[in-house]
Amino acid sequence: MEKIAFVMQLKAGHEQEYQQRHDAIWPELVVELKNAGIHDYTIFLHPTTLQLFAVLKRSPSHTMDDLPSQPIMQKWWQAMADIMETNADASPIATDLTNVFHLD
């Protein structure tokens, strides 16, 4: 498994809404993520900057790069676009992070 991390940006005043939407994540989206080889996916919120720190594991044969073309992913992005900083296609603006330390 490969572990990757990235940050996204939540818009001010939407902390509870973001939490509620993820508490009720669509089962078909969960299936799509798992089918893409994603496991152990966690998102943390920085309370001051409202940065969302995401970390996940993906299998060596993952198809994560194909997720943007999946209708359920596009639908989720549209549903989240009002509370996050997004690209023109409604995908969240995400910045990959470089692993600089790991301790098992």
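Which side chain meets that of Asp-82 in a salt bridge? Select Asp-82 and Arg-21: their side chains form this salt bridge, at 2.8 Å from N to O. A salt bridge is a side-chain nitrogen of Lys or Arg within 4 Å of a carboxyl oxygen of Asp or Glu.

The model is predicted: local features need pLDDT of at least 70, side-chain atom pairs count only at pLDDT 80 or more, and totals for chains, interfaces and linings use all residues. Residues are numbered from 1 along each chain as its sequence is written, and side-chain values use heavy atoms, with hydrogens and water left out.

The side chain of Glu-17 meets that of Arg-21 in a salt bridge (2.6 Å, N to O). Because these residues are four apart in helix H1, about one helical turn separates Glu-17 and Arg-21.

Remain in helix H1 (residues 15–23) and select His-22. The UniProt annotation "active site", from an unreviewed entry, covers His-22; such annotations may be inferred rather than shown by experiment. His-22 is partly exposed, with a relative accessible area of 24% (buried means under 20%, exposed over 50%, partly exposed in between, with a 1.4 Å probe and protein chains only). Not counting residues up to four places away in sequence, His-22 touches Ile-43, Trp-76 and Met-80 (contact means heavy atoms within 4.5 Å).

Now turn to the aromatic rings. The structure holds three aromatic pairs (rings of Phe, Tyr and Trp, using its six-membered ring, with centres within 6.5 Å; planes under 30 degrees apart count as stacked, over 60 as edge-to-face and the rest as tilted). Select Phe-6 and Tyr-41: their ring centres are 6.5 Å apart and their planes at 55 degrees, so this pair is tilted. Phe-6 lies in strand S1 (residues 2–9) and Tyr-41 in strand S2 (residues 38–45). Phe-6 counts as buried at 9% relative accessibility, whereas Tyr-41 is partly exposed at 35%.

Finally, select Trp-26 and Trp-76. Their ring centres are 5.0 Å apart and their planes at 90 degrees, so the pair is edge-to-face. Trp-76 is buried, at 9% relative accessibility, while Trp-26 is partly exposed at 22%.

Methods
Helices (H or I, at least four residues) and strands (E, at least two) are DSSP runs, numbered from the N terminus.
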